[in-house]
Protein chains: 2
Amino acid sequence: MTQGLLQGITVIDLTRVLAGPYCTMMMAEMGAEIIKVERPKIGDDSRAIGPFLEDRSAYFMSLNRGKKSIALDLKNPDDKALLLRMLAQADVLVENFRPGTMQKLGLDWDFLREQFPELIIASVSGFGQTGPYTDKPAYDMVVQAMGGIMSVTGEDGGNPVRVGSSIGDIVAGMFTAAGVNAALYRRSVTGKGERIDVAMLDSQVAILENGIARYAALGTVPGPIGTRHPSIAPFQAFQAKDGYVIIAAGNDKLFARLCKTLDLNELPSDLRFSSNGKRCENVLALQAVMEEKLAAKTVQEWIGILEKQGIPTGPINKVDQVLQDPQVLARNMVVTAPEKTIGELKMAGNPIKVDGMDDPTTRRPAPLLDADRDEILNWLAKSEGGAA
Amino acid sequence: MTQGLLQGITVIDLTRVLAGPYCTMMMAEMGAEIIKVERPKIGDDSRAIGPFLEDRSAYFMSLNRGKKSIALDLKNPDDKALLLRMLAQADVLVENFRPGTMQKLGLDWDFLREQFPELIIASVSGFGQTGPYTDKPAYDMVVQAMGGIMSVTGEDGGNPVRVGSSIGDIVAGMFTAAGVNAALYRRSVTGKGERIDVAMLDSQVAILENGIARYAALGTVPGPIGTRHPSIAPFQAFQAKDGYVIIAAGNDKLFARLCKTLDLNELPSDLRFSSNGKRCENVLALQAVMEEKLAAKTVQEWIGILEKQGIPTGPINKVDQVLQDPQVLARNMVVTAPEKTIGELKMAGNPIKVDGMDDPTTRRPAPLLDADRDEILNWLAKSEGGAA
């Protein structure tokens, strides 16, 4: 058993809060060593974001499990010199300061590239390192709104709604990790590092998907449509006796099978529902006919019946149900980082499963601020000795 | 200028519809050569999913720009032999069949690993290659519901709502790309390929973020809360004179500045609003006080005023506005693939910007079914000749 795909890679992590830490968490999960450089005294801002367990942020602990921490004041010349020594021994630097901050710290890209030609440098920011908005501050909420996903999420004709997890940050962190990993491959070919620039706003545009295709092809501006899919039907939540059941019959074959199962055999030849295009046009009528039948049984009953017919279906799980789901558990997607004062905080596992590699259900807990200073200094001395 | 981080990498792409094609689209954007293997006559199912432009799917065209197509019937021994010859020359195989299908085709992992020890093999599926649900069918809608994100998305106390883009598929495709890229790096160290297994359901759990932290730390099951953030306030959409404005004042300093700007100087010392925790507890009261002031001016007026104070803010853009946004355009996030019959279909660009590498605003259009057969056969003959 090996540690992961990125075993042997060292990442110097200047990131705070979510987009950057999510990227380096992914890399930690793949076996990289993450050295988190934090401000003295305060550390990563997310140490102060709830929910809290015994005065420690469960939010911070989830995102930073398995990382090491050293506190450095990058405005102090000695601390900055220490950072430069660390960078000389590292493979990757990830930062998510506001554009311009690295320059102010004397850590601009050109300087770093010259000093450390093999170092991969990745920056995640709200709007990116270029363009008219580069200096503007951004949080998840701002890019979810500006990037269009809020405009297609929500009830039909209802109020605007935020995607309930911070995908403005998370998706940017994921693109950054994909880019850094590709740059590690690239370095194996060229021997040189690369500089990567990911913007949260760009990342939102990149996941807008058929919202863009619909506008580009048809000129219609899409809006929120509840649980429905804009161009596949039936593909939504339906009201059953005791709640909502998802039915996703994405093609004619599945639709015919669904109609048979619901004793609605006349529907596939009904001109309103005879093709996916027609079903999308008449989706509210289709929903009404189906819900009349679905009202007779419970969500769990329908799921059992539909599954037997091979029709994609499922419940709308709440978070507690997700964490108890047999498949989620079987895939080690709930992990803990056992820790003396806190106990066992549950968190999401690693979705990138690799054959023959460890996929444990425990993690090293997130570090206290500056907890790994001695170990990091030892590693540095050893690495510099080895290089000499 | 070089093509991208993955220049020189060849991917054999057996994927259909969205999760797999999104992964290989990301790799194409990073410079990899993608050879899309499609069923004869029908091809990728998404060729039949709207919206359509001149009978061609804009949805398919967006996801498959820059790829090459060859039609193979994998149940036909000659075609399968051709696939194996292609795999011998390739770096990566990506597939998103239902688990078991590759085995039925005689293309199971063990066989492929033995035949092609350097090949990286990635599978994306609804529930993964293991666990009790592995055989169940899944679409985006099903995993969005089962994975918990729908349970935290929607209006406060409202109906369930789907995230308006297919993040059930997209996020799984992104994790797969990150894993494949890491495996390419790993292969540069070990000389061996790896086998990667990504599930759409796992991927949803991995992006649930503070929904899990809140339940794990506090035992409370989170629900939908409109545009609000569960543990940061003010951080939401507010009603202004002519629509909604986003204000994300994520810390005490920004909150104080916001209050000054809104002429609400008494708020930071008001015990209901004196800390982020208090503001979250009394968020509806805070919203009421703020909206009373915000009603006086338009969204654009407020954005101008708040930006001057460095307070993160923005509008809720619809898709047409996103595609005209100066920052989005400046970052080359709107690209086209000029094509004779269709013209210029707009699509999202590449969010992974790499210094010194091309970031063009045009792409090679998505292929017609089997369009690149001759070119692929030539490449194969040449590669095999070169290897002999």
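In chain A, the centres of domain 1 and domain 2, taken over C-alpha atoms, are separated by 42 Å. Domain 1 comprises 10-207 + 325-387 and domain 2 comprises 235-316, with bounds that come from an automatic or database domain assignment. The model is a predicted one, in which local features need pLDDT of at least 70 and side-chain atom pairs count only at pLDDT 80 or more, whereas totals for chains, interfaces and linings use all residues. Residues are numbered from 1 along each chain as its sequence is written, while chains are lettered from A and ligands numbered from 1 in the order in which they are written.

An open sheet of chain A is formed by three strands in the order β9-β10-β11, with antiparallel pairing; two strands pair if DSSP finds at least two bridges between them, and elements are DSSP runs numbered from the N terminus, helices being H or I with at least four residues and strands E with at least two. Because β9 (235-239) and β11 (313-315) of chain A stand at the edges with a single partner strand each, one side of each is left without a neighbour in the sheet. Neighbouring strands of this sheet are turned by 25° against each other on average, direction ignored. Between β9(A) and strand β10 (residues 244-248) of chain A, which run antiparallel, there are five bridges, and Gln236(A) has Ile247(A) in β10(A) as its bridge partner. Helix α12 (residues 283-294) of chain A packs on the sheet, where it touches β9 and β10 of chain A, and its direction makes about 45° with that of β9(A); axes are lines fitted to C-alpha atoms, for helices over the stretch in contact, and angles run from 0 to 180 degrees between N-to-C directions.

Between the chains, 125 residues of chain A are in contact with 125 residues of chain B, contact being defined by C-beta atoms, placed from the backbone, that lie within 7 Å. The most residues on the side of chain A that touches chain B, 14, are given by helix α7 (residues 167-190) of chain A. Two bridges also join strand β14 (residues 353-354) of chain A to strand β8 (residues 195-199) of chain B, the two running antiparallel, and here Lys353(A) stands opposite Asp197(B) in β8(B).

Technical notes
Two residues are in contact if their C-beta atoms, placed from the backbone, lie within 7 Å.
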